[in-house]
Amino acid sequence: MADQTETPLPPATHAQSIASPINIILISLLAILAYYRLRPAPAVAFSKPPPPIVFRTFTPPLLKPYNGENNMPVYLAVNGKVFDVSSGRNFYGPGGPYENFAGRDASRGLACGSFDEDMLTKDLEGP
């Protein structure tokens, strides 16, 4: 075999350090983004809850005085649920178009679309 002549290898290129300015900037940017992504969220301050609603059971005779007369609030019952409609006193209070429903269960009259007195329960003492 023929003698192979060894060709000298080119001199090793100078290896760059990892601490180049662009790498430092990129690592800093990565650290800042990781911090903003992983930091805990600030605590949320909740507002004070509204005062609780006090429920009261009304029977038809107990509901009758709440018809807007004598500066009493105006209550209207529909299907057994009592609503305070005092803000609409000009509609539900004395002299208003819905005054027949104030202080009573107005379910039947509202369902039939009738404002007549005969649609309301007459005897409030019993069924």
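The following questions and answers describe a predicted model of a protein.

Reader: In what order do the helices and strands of the protein run from the N terminus on?
Author: The protein has four helices and two strands. Read from the N terminus on, these elements follow the order α-α-β-β-α-α.

Reader: What percentage of the residues in the protein is buried?
Author: A residue counts as buried when its relative accessible area is under 20%. The protein has 127 residues, and the buried share of them is 17%.

Reader: What share of the accessible surface of the protein belongs to carbon and sulfur atoms?
Author: The accessible surface of the protein comes to about 11000 Å². Of this surface, the part that belongs to carbon and sulfur atoms is 62%.

Reader: Among contacts between residues at least 6 apart in sequence, what percentage joins residues at least 24 apart?
Author: A contact requires heavy atoms within 4.5 Å. When contacts in the protein between residues at least 6 apart in sequence are considered, the share that joins residues at least 24 apart is 38%.

Reader: What distance does helix H1 reach from its first C-alpha to its last?
Author: Helix H1 covers residues 21-38 and has 18 residues. At 1.5 Å a residue, the expected reach is 26 Å. The reach in the model is close to that expectation, at 26 Å.

Reader: How many residues of H1 are buried, and why does the helix lie largely in the open?
Author: A residue must have under 20% relative accessible area to be buried. H1 lies largely in the open because, of its 18 residues, the number buried is zero.

Reader: Which residues make a nonpolar surface patch of about 400 Å²?
Author: One member of the patch is Leu33, which lies in helix H1. Leu33 is exposed, since its relative accessible area of 51% is over the 50% cut-off. The patch of about 400 Å² is made by Ile22, Leu26, Leu29 and Leu33.

Reader: In which sense do strands E1 and E2 pair, and over how many bridges?
Author: Strand E1 spans residues 75-78, and strand E2 spans residues 81-84. Tyr75 stands opposite Asp84 in E2, while Val78 stands opposite Lys81 in E2. The pairing is in the antiparallel sense, and its number of bridges is four.

Reader: Which residue in the turn of the hairpin formed by E1 and E2 has a positive phi?
Author: The hairpin has two residues between its strands.

Reader: What is the phi of Asn71?
Author: Asn71 lies in the loop between H2 and E1. Asn71 counts as exposed because its relative accessible area is 76%. Although Asn71 is not a glycine, its phi is positive, at about 55°.

Reader: What distance separates the C-alpha atoms of Pro73 and Ser86?
Author: Pro73 lies in the loop between helix H2 (60-63) and E1. At 25% relative accessibility, Pro73 is partly exposed. Leaving out residues up to four places away in sequence, Pro73 touches Tyr66, Asn67, Gly68, Asp84, Ser86 and Arg89. Pro73 and Ser86 are 13 residues apart along the chain, and their C-alpha atoms are separated by 5.5 Å.

Reader: Which residues are in contact with Asn90, leaving aside its neighbours within four places in sequence?
Author: Asn90 lies in helix H3, which covers residues 89-92. Its relative accessibility of 58% means that Asn90 counts as exposed. From Asn90 to Gly68 the separation is 22 residues in sequence and 9.8 Å in space, C-alpha to C-alpha. With neighbours within four places set aside, the residues in contact with Asn90 are Gly96 and Pro97.

Reader: Is Ser114 buried or exposed?
Author: Ser114 is found in the segment after helix H4 (107-112). Not counting residues up to four places away in sequence, Ser114 touches Phe101, Gly109 and Met119. Its relative accessibility is 11%, and the cut-off is under 20%. Ser114 therefore counts as buried.

Conventions. Residues are numbered from 1 along each chain as its sequence is written. This is a predicted model: local features need pLDDT of at least 70, side-chain atom pairs count only at pLDDT 80 or more; totals for chains, interfaces and linings use all residues. Side-chain values use heavy atoms; hydrogens and water are left out. Patches are made of residues with over 30% relative accessible area and no salt bridge: like charges are joined within 9 Å, nonpolar side chains (Val, Leu, Ile, Met, Phe, Trp, Tyr) within 5 Å. Accessible areas come from the Shrake-Rupley method with a 1.4 Å probe; for residues, only the protein chains shown count as cover. A salt bridge is a side-chain nitrogen of Lys or Arg within 4 Å of a carboxyl oxygen of Asp or Glu. Buried means under 20% relative accessible area, exposed over 50%, partly exposed in between (1.4 Å probe, protein chains only). Two strands pair if DSSP finds at least two bridges between them. The expected span of a helix is 1.5 Å times one less than its number of residues.
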